[in-house]
Amino acid sequence: MTIRSWIRFFTMTLLVGGITTGIVGIAVRWNELVDLLNGQDAVEVISVIVWMIGVGMTFSVISQMGYFAYLTIHQFGLGIFRSLKLWNAVQLVLVAFVLFDLVYFRFQAFAGEGDSLLPYIGLAGFLLAAGLLVAFLKSKQATASVFPSTLFFMVVVTTLEWLPVLRSNEGYWLVTIMFTLIATNAYQILALPRYNKRSVKEREERLARKEARLKEQKAVKK
């Protein structure tokens, strides 16, 4: 990827993170923000929204770090297992393990007496559903063989990026950052091929301009 394309990719992912957090954050805290507006405290409302967008952009950077880390891990996995089918199987097992942990260990750590398991299952189920959808779209974009690796990225890597919020277990941030990470990770894995194609086109155009300049220089010398 060229530097120009990478800057575009970075900026767009940053915007996706900020906008998603802003929209979801406003939706989740709507009643609180309405109360502030009714009290004519518009400055505080604006500051809260700007702060939420800033948090979203911060997590979008974490998301990008996670994505490029996964690209490296994926190559290591292929090298270690020497078989795409075997590596895909390992990734699916890890997906199941992480989903189990996301339900069982969070329930053990945070559930009070008499609390239901359903909210914990629902959170993991939503993440799995989003991962399956993105993996399906990616397999249509490329080949069916990328389905397991995309699902692994959307579930396992997203969970790792989500850990700081999972540990705090604050409902507002759990939901808001979950949507932010899903949106930024989905954008990255689905949009990267387009930026790669643009990079190839930019290199070809640069080489064409360079060749044209050389021809002009040779013509002048003659």
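Which elements each supply at least two residues of the nonpolar patch?

Author: The model is predicted, so local features need pLDDT of at least 70 and side-chain atom pairs count only at pLDDT 80 or more, while totals for chains, interfaces and linings use all residues. Residues are numbered from 1 along each chain as its sequence is written, and side-chain values use heavy atoms, with hydrogens and water left out.

The elements are α1 (3–28) and α3 (42–81), each with at least two residues in the nonpolar patch. Helices here are DSSP runs of H or I with at least four residues, numbered from the N terminus. The patch consists of M1, I3, W6, I7, F68 and L71, and together they have about 540 Å² of accessible area. Such areas come from the Shrake-Rupley method with a 1.4 Å probe, and for residues only the protein chains shown count as cover. A patch takes residues with over 30% relative accessible area and no salt bridge; nonpolar side chains (Val, Leu, Ile, Met, Phe, Trp, Tyr) are joined within 5 Å and like charges within 9 Å. A salt bridge is a side-chain nitrogen of Lys or Arg within 4 Å of a carboxyl oxygen of Asp or Glu.

The largest share of the nonpolar patch, 3 residues, belongs to α1. F68 sits in helix α3 and counts as partly exposed because its relative accessibility is 32%. Buried is under 20% relative accessible area, exposed is over 50%, and partly exposed is in between (1.4 Å probe, protein chains only).

A positive patch is also present, made of R4, R203, R206, R209, K210 and R213. Lys and Arg count as positive and Asp and Glu as negative, with His and the chain ends not counted; a charge is placed at NZ of Lys, CZ of Arg, CG of Asp or CD of Glu. Helix α7 (residues 171–221) gives the largest share of the positive patch, 5 residues. R206 is in helix α7, and at a relative accessible area of 44% R206 is partly exposed.

Helix α7 also holds Q188, which is buried because its relative accessible area is 0%. Leaving out residues up to four places away in sequence, Q188 touches F9, T13, S63, Q64 and Y67, where contact means heavy atoms within 4.5 Å. N185 lies in helix α7 as well, and N185 is buried at 0% relative accessibility. With sequence neighbours up to four places away not counted, N185 touches S63, F153, M154, T158 and E161.
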